[in-house]
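Dear colleague,

I am handing over the structure below for your records. Please read it together with the notes that follow it.

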Amino acid sequence: MDIFVQQVMSGLATGGIYASLALALVMIYQATDVVNFAQGEMAMFATYLAWSMLNAGMPYWGAFLATLAVAFVGGVVIQRVIIRPVENKPILTIVIVTLGLLVIFNSVAGWVWTYLQKPFPSPFPREPFRLGTVVFGAHDLGEIAVTLVMLVLLFLFFRFTPLGLAMRAAAQNPVSSRLAGIRVGWMLALGWGLAATFGAVAGLMVAPILTLDPNMMGGIQIYAFAAATLGGFTSPVGAVVGGFLVGIVENLVGTYVSFIGTELKLTVALAMIIVVLLVKPSGLFGRAHVRRV
Amino acid sequence: MGAILEVEKLEAFYGRTQALHGVSFAMEEGGITTVLGANGAGKTTTLRAISAMVRTRGSIRFASEPIQGKSTEDIVAMGIAHVPEGRGTFVDLTVEENLRIGMYARREKRHAGRDMERVLELFPILRQRRRQHAGTLSGGEQQMLAVARALMLGPRLLLLDEPSLGLAPLVVREIFRILRLINEESRVSILLVEQNASLALDLADHVFLLETGRVVLAGTSDVLRRDDSIRRSYLGY
Amino acid sequence: MSRRASVVLAIVVIVAAVGLPAFTSGFRLFQFTQVCIYAIALMGLNLLTGYNGQFSLGHGAFYAVGAYASAIMMDRWAVPYGWTIPAAGLVCLVVGFLFGRPALRLEGLYLALATFSLALAVPQILKYFEHWTGGSQGLVLSKPKAPWGLPLSEDAWLYYVTLFVTIIMFVIAANLVRSRVGRALMAIRDNHIAAETMGVNNALFKSVTFGVSAAYTGVAGALSAVAIAYVAPDSFNVFLSVTLLIGVVIGGLGSIWGNVLGALFIQFVPNWAQDISKAAPWAIFGIFLIGFMYVMPYGIAGALRLLWIRAVRPRVTGQGGEAVSPQVPSPSR
């Protein structure tokens, strides 16, 4: 039983990482119908920037906040400068642009910081936490805490601030939003900024576990896809719930099903995607798309 | 009281197609003007041109300030609220959130609370359904919400595109009654596009009639209502 | 482009292609063989995504199935390579159709996700069925030699075989696309509800298109197995599927010539990128991708078509100009 609880907690921790990246993907998809294939690489790049800051002697939480800020600005700039020229073009055209970004970020990261794996510090203590007979990793708990704090802040922002409301409106109904005086283009840019921020959080939380290298986020991005599919690509809440669920399932399957070694773990994510698509493509919280004829 | 809206030789284009061919008219501040005409005459296009939702040529002045060439968002901030055809409700947001969006671009934030109260008084059903998702409201209620949302801007000019569309006559009458009330209370000028000519003529003091992108008739609604031949040939009743 | 102009252009290109081995040989010639192979693969993907509007981010899977089908036939049953190519095509036709049926319920993003997952799973599945596929080490095959003592190098013979298959496949595709069937496919892409009401059996057309599309890409895979004389699971990873998608969008969706242009792009541009920057070649490639999409959002074929229309239009009186390059509609905009 103890093992079960431990694995669930561990699953929640990695689930938080998937949830953050999935949320980033869904935020952009909801507003623009575009899946940002470069989300993971952008997150990886932000994490490398953090590494450089830490290497230069900055204290952890300072670098953490600075990285989030840089990621935010980067996301805004990318939307305004790189995505805007193809905003109204066919979807696959925009997809190719995001693939181009993916490749650029990956390549530049390898060029600047080399492909050698770099250890990345965790801000949380090494000693595990004991609650009765159950042992929890401090990093795991810390991760869950950080993820939850970020999510609560985001929720408060969207729910209670005028800007958050404007962003939600712009994502849902751009035409009416313009008529309400909302600059929809800038709302999209802010969406990209927030998405990049959450991506960076995912990167910063996973780097201590996986060690930092340019291909670090590849597998995570696939899990994020699974999370978004499970929760529903049209629902930010779904993305988060999906992320935590995928994390838990991944951990439990890895623990209890013997022939699933690390090689086949990815298959679990893929299997989840296929099953959801066969049963209810719009996911747990998504709404089936009803089109007017 | 000067002219709130002056439109001169307005041309409007959808891509290469020209929809308005030199429309000219003016509105006095505090007045209610209705634009009538058959489907495709260019009524909606006229409103869209004022809100810079379509490409235009010609001159549009709002309270003596030229606005052609400005962006929609800037025009809204200047005090022109546009309720589009189909109402444009944010269906996934609550009624209250819809109203809050209305005041996003509002210049005078101080009196927003007072305006919110007034709007809920005018449309009590909205107060009742405050926390409901706007998509669950009936057509008439959504129309009221759309007008309320527009009023939250604190506008000087209200553009309304076919508010009676798809609504039961009683509901329409109620909405028009409230529009008159708002106009009398806060001197909001109203430019109303309508297919329901008789109702529109009751509300408005000035009329102009569009036919394939041109103004063919303009005058006070009194005169038009009384002139039998004009009424019969242009308005069909 | 008018039928006649297209045919003339085709003849010119074919003559040039046939004469190519006189000017190049060895690796360079092999690269052109690969271009032909990619062109067929892209034609397959284009049929599905460009003409029929079904997004596939996983066509590498069909490429792999074709390659392995051919390889296994040659390796285990000593089937002559010539026969393995149509056989691989047939296998992929069935596999594609079987995939297409359940995929009917999926659209846009969801179909993309499903095919993407398929592509991701391929290398692992291939490694899993070691007994047939040779596992991670793959299968080593022998390169075919020119028959009947023809004075052609191995590379040249492979090139001609591939060119021959390419021409046939393209002629079939061109006729298909211009026929009633082609129009039905495009009708489904542009407005599937209207198409259904006009009597087009969406379900049948869409799944058969999946099958045909898979068959084309499978034939390409089979040819690549023959040409490279080696198949291994890691060559068929998700990167291949992404490359095919890039090729088809850059070349031009809904265009026959686009596939040739796209094939040239995916074969040669990565090499140019490497020439430009040894340190971060993929960054250069990424810049190329973005640049191309800015300048030619409808692909090279789309851009050429627009230029053609502008050049031709002044002289056209009273007749509608040729339709602009068809766009793949976005799912829910």
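The notes below cover an interface and a strand pair.

This is a predicted model, in which local features need pLDDT of at least 70 and side-chain atom pairs count only at pLDDT 80 or more, while totals for chains, interfaces and linings use all residues. Residues are numbered from 1 along each chain as its sequence is written, chains are lettered from A and ligands numbered from 1 in the order in which they are written, and side-chain values use heavy atoms, with hydrogens and water left out.

In the interface of chain A and chain C, 48 residues of chain A are in contact with 42 residues of chain C (heavy atoms within 4.5 Å). The area buried between them is about 3800 Å², and carbon and sulfur atoms give 73% of that area (accessible area, 1.4 Å probe, that two parts lose on being put together, summed over both). On the side of chain A that touches chain C, the elements giving two or more residues are α1 (2–32), α3 (60–83), α4 (91–113), α9 (217–231) and α11 (262–279) of chain A (helices are DSSP runs of H or I, at least four residues, and strands runs of E, at least two, numbered from the N terminus). The most comes from α4(A), with 15 residues.

In chain B, strand β9 (residues 206–211) and strand β10 (residues 214–220) pair in the antiparallel sense over six bridges (pairing requires at least two DSSP bridges). B:L210 stands opposite B:V215 in β10(B). The two strands form a hairpin with two residues between them, and B:T212 in the turn has a positive phi of about 35°.

With kind regards
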